Each structure stands twice: as structure tokens, then as C-alpha cells.
Amino acid sequence: MNQPQHPDNSNSPSSWYQQMGQMVEQLGADGFFAAMFDALSSQLSFDHPQVWLFRSDKLPALLYHAIARGDREVQIDGYIAGAYRQDPFYRQGRSGADGLFRITEIGANQFKQSERYAGYFSQMNVCDEVGYLYELGEGTFINLTLQRRQHGDRFSDEELSFLHRAEPLIRALTEKHWSLYREQLSSQNELEDSIERAIRLFGSSVLTEREHQTLQLMLRGYSSQSAAERLEISIETLRRHRKHIYQKLDIGSQAELFSLFINCLPYLPTDADGDPLVPYQSPQSSEP
């Protein structure tokens, strides 16, 4: 997707004004958030910039990131898999909070009350995090996040002061961008939602619950080691699940698995939670 960002940190007002022009030029375009983080990086250094969109009754949607490949399993996959529910920024956004926030100011209760989230956060290799939260209407809000890697310096008072001064501009441009971009994003999100729903339902009629959990991780591209860790089982147990999946789906390889999944997509029920494999394999079915 996006390459890891190497902050410029030239700290020049003229650089900030030049970058603001780039942000305006990218309003409504795919490059808007990259231009925004480039502008911010002219004034301070940060790691793992990312933009999350939260909508009612939907999984978080990652609109932009510059996260190194080695950090994506925790920062992205683990977050979408459920860690977001305990994320202090997500909880603040759901409560209607708006503006710039720092994780140490809003997250104390989550770390005390949820050992699982505290453990997840410790895996992120992060010592500090700040984020802009903005309501976008219709149960939707957005989080623009900046982090600092573990063993680095926390955001200084001077840097936080700059981020607060920049907040009205970041808000105005983000809201304008959203008004221009959301129609395009809506079509993209509908496709992503359909694929996510298909992953959740595919094979559910013939597999055990544990086999189906294994299948979903396979379809999402998890390695055997990562899937076993996610399910808290041994590699041997995971391999047994995979063998049973292949037997029950009458396939012999992962390539055949993905081919079968793609062939079943047109048979995904539009208004019910049924396994698309059933109508696909039905003798009566021809075209969905």
C-alpha cells in the first residue's frame, strides 16, 4: 500500500506553508492523507502514521498508513481482529470526543481494566501516540494517528503545542476532503464489506467452529505460525485443521482454496447470513 514514512523534520514555517498547498491540491484525491502527513513531518518526527475510519456496525477501515511491513500484523491485522474495541481513541470517538488527544491522557482506564489491550499495546513497539478525532456525521468518525517508536522520545510540549495550533486547519481540510471523497469511498467500502462478509460465511456450513476460524485466517493471508499464535494452538493442531478443511471442501491446495472462494462470491446471499458454498454446490444452481 504505502511505504514507511521517513519524517523530514526540517521545522521550517515556509516548508509548512508549502506543504499546506499540497494538501489543498489533494483534496478529494487518494494522495490527500499522504500530503497531510508530509506537511506534519516538516515540523516534527513521528512513526506509523495511519488514518482509520469508524462507521456504525462495521469493522474499522484503514484509509492510509505508512507502517513498515514487519509491524503490520500487530498494527493492522491485530487491530481489525478486535483490539480496536479497547483502543482509547476508538472509545473516545464513539463517545463523541473531538479534537487532538494523547493516549496517556485518555487510555489509563483501558490499560488498567484490560490486560489484553495492555499486552497488545506493548507489542506495538510504541512509546507515545497522539491522534486527531473528528466526527463526520451519520455515526462515522475518523482518527488520524501519529506514534513514536519504543526507546525513542515522547512527543514534547513544544511538538504538542504545534499539533494543537494546527488542529483547526487539519479539521477543516479533513472535513472538506471527506465531503469530496466519501462517494468514491462508499463504492470501495461496499466491495470490501462484501468480501469480508464472504470470508466470515464461506465454509461455515461444513466446518467445525475451530476449522472455520482457521479457514478465515488462511483466506486473510496469515502464515501457519501467525494463525496458530492467533488461535493459541500448536502448529500441529493447525495443520490438522487445515487437512480437515481440504478434505471437507474437496480441494488439495491453497491455490484451489482461493479458486473455490472466488467462485463462490457471486452466490453470497445479499440479505441473509448463509454459506455461499451451499448454493454454489447445489445441483439446481446455474447462475446466481
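The following dialogue works through the terms used for this predicted model and sets its values against their definitions.

Tutor: Residues are numbered from 1 along each chain as its sequence is written. Because the model is predicted, local features need pLDDT of at least 70 and side-chain atom pairs count only at pLDDT 80 or more, while totals for chains, interfaces and linings use all residues, and side-chain values use heavy atoms, with hydrogens and water left out.

Student: What makes glutamine 147 a buried residue?

Tutor: Buried means under 20% relative accessible area, exposed means over 50%, and partly exposed lies in between, with a 1.4 Å probe and protein chains only. Glutamine 147 has a relative accessible area of 1%, so it counts as buried. Glutamine 147 belongs to strand E5, where strands (E, at least two residues) and helices (H or I, at least four) are DSSP runs numbered from the N terminus.

Student: How do you know that the side chain of glutamine 147 makes a polar contact with the side chain of glutamate 129?

Tutor: A polar contact is a pair of N or O atoms within 3.5 Å; within protein, one must be able to donate a hydrogen and the other to accept it, and residues adjacent in sequence count only if both atoms are side-chain atoms. For these two side chains the value is 3.5 Å, and the pair is listed as a polar contact. Contact in general means heavy atoms within 4.5 Å, and, leaving aside residues up to four places away in sequence, glutamine 147 touches several residues, including His48, Met124 and Phe155.

Student: Why is aspartate 250 called exposed, whereas histidine 48 is called buried?

Tutor: Aspartate 250 has a relative accessible area of 69%, so it falls in the exposed class, whereas histidine 48 has 3% and is therefore buried. Histidine 48 is in strand E1, and aspartate 250 is in the loop between H11 and H12.

Student: What is noted about phi at histidine 48 and at aspartate 250?

Tutor: Most residues other than glycine have a negative phi. Histidine 48, although not a glycine, has a positive phi of about 50°, and aspartate 250, also not a glycine, has a positive phi of about 60°.

Student: How do you know that E4 and E5 are paired strands?

Tutor: Two strands pair if DSSP finds at least two bridges between them. E4 and strand E5 (residues 140-149) have 10 bridges and run in the antiparallel sense, and in this pairing aspartate 128 stands opposite arginine 148. The two strands form a hairpin with two residues between them, and glutamate 138 in the turn has a positive phi of about 55°. On E4's side, strand E3 (residues 99-102) is joined to E4 by four bridges, again antiparallel, with arginine 102 partnered by valine 130.

Student: What makes E2 and E3 edge strands of the sheet?

Tutor: The open sheet has five strands in the order E2-E1-E5-E4-E3, with antiparallel pairing. Strands E2 (61-65) and E3 each have a single partner strand, so one side of each is left without a neighbour in the sheet. Inside that order, strand E1 (residues 47-55) pairs with E5 over seven bridges, and the partner of tryptophan 52 in E5 is asparagine 143.

Student: Why is the pair of tyrosine 90 and phenylalanine 141 called tilted?

Tutor: Rings of Phe, Tyr and Trp (its six-membered ring) pair if their centres lie within 6.5 Å; planes under 30 degrees apart count as stacked, over 60 as edge-to-face and the rest as tilted. By this rule there are 13 aromatic pairs. In this one the centres are 6.2 Å apart and the planes stand at 35°, so the pair is tilted. Tyrosine 90 lies in helix H4 (residues 88-94) and phenylalanine 141 in strand E5, so the pair ties together parts that are 51 residues apart in sequence.

Student: Why is the pair of phenylalanine 202 and phenylalanine 261 placed in another class, edge-to-face?

Tutor: Their centres are 5.4 Å apart and their planes stand at 75°, so this pair is edge-to-face. Phenylalanine 202 and phenylalanine 261 are both buried.
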